[in-house]
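Thank you all for coming. I would like to take a few minutes to go through one structure with you, beginning with a helix and ending with a pocket.

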Amino acid sequence: MSMHGPIATHRSATGVPSGRLAIWWLLASEIFIFGGLVTCFVLFKLNGTPGFEDASLTSTAAGAINTFVLLTSSLSIVLAHAAIEKGDRVKSFRYIWYTIGGGVVFLGIKTYEYTGKIIHGHVITENLFWSFYYTMTGLHALHVIGGMVIMALISFDIRKGHNYQRVELIGIYWHFVDLVWIFLFPLLYIANF
Amino acid sequence: MSEAYAHPNYIKIWFWLLGLLVISVAGPMLEIPALTIITAFGIAIVKAYLVAANFMHLKFEKKFIWYLLILSICLLGVFFFGVAPDVMMTDGDQWIDCIADKSCVEQRL
């Protein structure tokens, strides 16, 4: 059977292309993963569990810069999607790599933060706050790394003129990673009371 | 490829997001906890909406996707309210307030 592109590009039993439906399905499950962590964090914080006052030790500036970086990378990936819809492969490829660059900057700042905290003895076992801090930001960073790898693969694919729809799919995923950070930022960096 | 729709002005939305980021960072400087909650979490919800609706194109998406996401958030609410009493209500004979008697701190260590 000859087929032009993956079936997920064309099949649309629900009115949503299967590839995009799969991404939303994945994100629905991610809501439980990050949502469960955030929910537990909020419960323990409201309960007055010792250690949560350590939120004042996180760097608001670093968190804010990282928020800026992720919001900007979200802009670049959506511009990559807009470009590929017009068939502009070169521009889309460039925007995807700007997004990957944003991911690298984000991880660099996160590494700097981790190093500073660990040097001062704030390790994952210190108290419940730091357990949540490293678990939530670490899991988030893994999602950033995963997104960057997939984006790189997709960028080379579209440069060859294949699977343009994947730019939108990885874009939706990347925006979700951005969304998670939008909630982690106030939770871990701003609400210091 | 996705269905045809007019792309929103992404640069304008990005500027809005940056403006909201500045407010969320500046809010705690007034040192009013209630205001901090609004500027931190209220603005986070607005930012999340802007990203989801415009960058993720949720406002152009079929209702089916909305139902899927709303269902996930509702189930998260079930988890929250199911677990909350166990974590937060330490009154009564069947509850052990391990924070008060320090036993959970010892367990942790």
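This is a predicted model: local features need pLDDT of at least 70, side-chain atom pairs count only at pLDDT 80 or more; totals for chains, interfaces and linings use all residues.

Chain A contains 6 helices and 0 strands, and of its 193 residues, 55% are buried. Among the contacts in chain A with a separation of 6 or more, 77% are between residues 24 or more positions apart.

Helix 2 of chain A bends by about 25 degrees at A:Gly35. As for its length, the 29 residues of this helix should span 42 Å at 1.5 Å a residue, and the end C-alpha atoms are 41 Å apart, which agrees. Just after helix 2 of chain A, we find A:Gly48 with a positive phi of about 75 degrees.

Now, which helix gives the largest share of the lining of the largest pocket? That is helix 2 of chain A, which provides 12 residues. The pocket itself has a volume of about 1200 Å³, and among the 36 residues that line it, A:Val38, A:Phe183, B:Ile45, B:Ile73 and B:Leu76 are the closest to its centre. At least two lining residues each are supplied by helix 2 and helix 6 of chain A, and likewise by helix 2 and helix 3 of chain B. By class, the lining comprises 31 nonpolar, 3 polar and 2 charged residues.

Terms used:
Residues are numbered from 1 along each chain as its sequence is written. Chains are lettered from A and ligands numbered from 1 in the order in which they are written. Side-chain values use heavy atoms; hydrogens and water are left out. On a 1 Å grid over the protein atoms alone, a cavity is a set of points where a 1.4 Å probe fits but cannot get out, and a pocket is an open set with protein on both sides within 12 Å along at least five of seven lines; lining residues have an atom within 4 Å of a point. Grid points are joined across faces, edges and corners, and a volume is the space filled by probe spheres set on the points. Helices (H or I, at least four residues) and strands (E, at least two) are DSSP runs, numbered from the N terminus. Ala, Val, Leu, Ile, Met, Phe, Trp, Tyr, Cys and Pro count as nonpolar, Asp, Glu, Lys and Arg as charged, and the others, Gly among them, as polar. The expected span of a helix is 1.5 Å times one less than its number of residues. The bend at a residue is the angle between axes fitted to the seven residues ending there and the seven starting there. Buried means under 20% relative accessible area, exposed over 50%, partly exposed in between (1.4 Å probe, protein chains only). Contact means heavy atoms within 4.5 Å.
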